[in-house]
Amino acid sequence: MEDFCDLRRAVRLHRIAGVNADQAAGDRFPPWSVLETKELLAIRAALDKNFSEMKQNRMLWISVAGKMKAKGFNRSDEQCKCKWKNLVTRYKSLHIQGCETMDPKALKHQFPFYDDLHTIFTARMQKNWWVEAENRSGVLKRKANEDPNGDRELENEEKTKTKNVTKKRKWKRDNDLEEHERNLEEILKGFLKREMEMEREWREAFRVREEERRLKEEEWRMKMEGIEREKMTMEILWRENEEKRREREEARAQKTDALISALLTNLT
C-alpha cells in the first residue's frame with residue numbers, strides 16, 4: 001500500500017509539472033483558454049439531459065460545436081468531445097484522491113473547473129434519484145390500489161429493496177474504486193518502468209558519447225604530439241643548415257682575405 005501511495009504521489013507531481021492530455025493536444029490544436037472551457041462546460045451542462053437520454057450523441061456534440069462557434073470559439077465537435085473527456089478524467093482523479101480535504105485555493109489553482117463539473121454531476125445524480133424515487137412511488141401507489149390492506153407489507157418490502165439497492169451501490173462503488181486503483185497502479189508502474197528504461201537509455205547514450213569524446217581527445221593529442229615532433233625535427237634541421245651556411249661564409253671570407261693579402265704582397 002505504501003508503494004501505491006508513492007506511485008500516486010509520483011503521478012500527482014507529474015500532472016503538476018504539466019504532463020497531461022491537454023498539453024499533448026496543444027501541439028496540434030490551439031490551447032483552450034479558461035473562458036472557452038467555462039463556456040464549453042456551460043453548454044454541456046445545458047444539454048446534459050439530452051446526453052443522458054441519447055446513446056448516439058454525435059449530433060449533440062455537433063450542436064455543442066455550433067453553440068461554441070456562435071459564442072466566438074471555433075472548435076470542432078471532436079475537439080469539444082475530447083476536451084470534455086479530459087476534464088471528466090481529471091475531475092474523477094481528483095475526486096478519488098480526496099479533494100474534499102484539499103485547500104480550496106490550492107484545488108482551484110490546480111484545477112479551476114472542479115466546481116463546474118461537480119455541479120453538473122451533482123445535478124445529474126439528484127435527477128436520477130428523483131426519477132428513481134418517483135418510479136418507486138408510482139409502483140407503491142399501484143400496489144396500494146390493488147391491495148389496500150397490504151401497506152405494511154409493501155413498506156417492509158420497499159425498505160428491503162432500499163437496503164438491497166444501497167448495498168449493491170456500495171458494493172459497486174467499492175469495486176469500481178478498487179478497479180480504478182488497480183488500473184491506476186498498473187498505469188503508474190508502467191510509467192515508472194518507462195522512466196527507468198529511458199534513464200538507462202540516457203546513461204548508455206551518455207557513456208557512448210563520453211567514449212567517443214575520449215577517443216577524439218586521444219586522437220587529437222596524438223596528432224598534436226606528432227606535429228610537435230615534426231616541428232622539433234624541422235627546427236633541428238634548420239639549425240644544422242644555418243651552422244653549415246655560417247661555416248661556408250667564414251671559409252669564403254678567409255679565402256678572400258688570403259687572396260687580398262697575396263695581391264698586396266705582389267704589388268709591394
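Me: Is Ala 42 buried, partly exposed or exposed?

Reply: The structure is a predicted model. In this model Ala 42 has a relative accessible area of 45% and is therefore partly exposed, since that class lies between the cut-offs of 20% and 50%. Ala 42 sits in helix H3.

Me: What is the distance between the C-alpha atoms of Ala 42 and Asp 116?

Reply: The separation is 8.1 Å, although Ala 42 and Asp 116 are 74 residues apart along the chain.

Me: Which secondary structure elements make up the chain?

Reply: The chain has 9 helices and 0 strands. Read from the N terminus, the order is α-α-α-α-α-α-α-α-α.

Me: What share of the contacts with a separation of 6 or more comes from residues 24 or more positions apart?

Reply: Such pairs account for 61% of those contacts. As for burial, 18% of the 268 residues in the chain are buried.

Me: How does one describe the packing of two helices?

Reply: Two numbers are used, the angle between the axes and the distance between them. For helix H3 (residues 34-46) and H6, the angle is about 90° and the axes are 11 Å apart. H3 and H6 are therefore roughly perpendicular to each other, a class that covers 65 to 115 degrees.

Me: Which residues make the contact between H3 and H6?

Reply: From H3 come Thr 37, Leu 40, Leu 41 and Arg 44, and from H6 come Cys 80, Lys 83, Trp 84 and Leu 87. By class, this contact has 5 nonpolar, 1 polar and 2 charged residues.

Me: At what angle do H5 and H6 pack?

Reply: Helix H5 (residues 58-70) and H6 pack at about 100°, with their axes 8 Å apart. H5 and H6 are therefore roughly perpendicular to each other. On the H5 side the residues are Arg 58, Trp 61, Ile 62, Val 64, Ala 65 and Met 68, and they meet Asp 77, Glu 78, Cys 80, Lys 81 and Trp 84 of H6. The contact of H5 with H6 divides into 7 nonpolar, no polar and 4 charged residues.

Me: Is Arg 44 buried or exposed?

Reply: Arg 44, in helix H3, has a relative accessible area of 5% and so counts as buried. Apart from neighbours within four places in sequence, Arg 44 is in contact with Phe 51, Trp 61, Trp 84 and Arg 124.

Me: Is Glu 36 buried or exposed?

Reply: Glu 36 has 7% relative accessibility and is therefore buried. Glu 36 also belongs to helix H3. With neighbours within four places in sequence left out, the contacts of Glu 36 are Pro 31, Met 68, Phe 73 and Arg 75.

Me: How is empty space located?

Reply: A probe the size of a water molecule is rolled over the atoms, and this shows where empty space is left. In this model the largest pocket has a volume of about 1,200 Å³.

Me: Which residues lie nearest the centre of the largest pocket?

Reply: They are His 95, Met 125, Arg 169, Arg 173 and Asp 176, out of 24 lining residues. Helix H6 (77-96), helix H8 (114-146) and helix H9 (151-267) are the elements that give two or more residues to this lining. H9 gives the most, with 11 residues.

Me: How do the lining residues of the largest pocket divide by class?

Reply: The lining has 7 nonpolar, 6 polar and 11 charged residues.

Conventions:
Residues numbered from 1 in each chain as written. Predicted model: local features only at pLDDT ≥ 70, side-chain atom pairs only at ≥ 80, totals over all residues. Heavy atoms only, no water. 1 Å grid on protein atoms, 1.4 Å probe; cavity = no way out; pocket = protein on both sides within 12 Å on 5 of 7 lines; lining within 4 Å. Points joined across faces, edges and corners; volume = space filled by probe spheres on them. Helix = DSSP H or I, 4+ residues; strand = E, 2+ residues; numbered from the N terminus. Nonpolar A, V, L, I, M, F, W, Y, C, P; charged D, E, K, R; others polar. Axes fitted to C-alpha atoms, helices over the stretch in contact; angles between N-to-C directions. Parallel < 35°, antiparallel > 145°, perpendicular 65-115°, else oblique. Contact = heavy atoms within 4.5 Å. Buried < 20%, exposed > 50% of the residue type's maximum accessible area, 1.4 Å probe, protein only.
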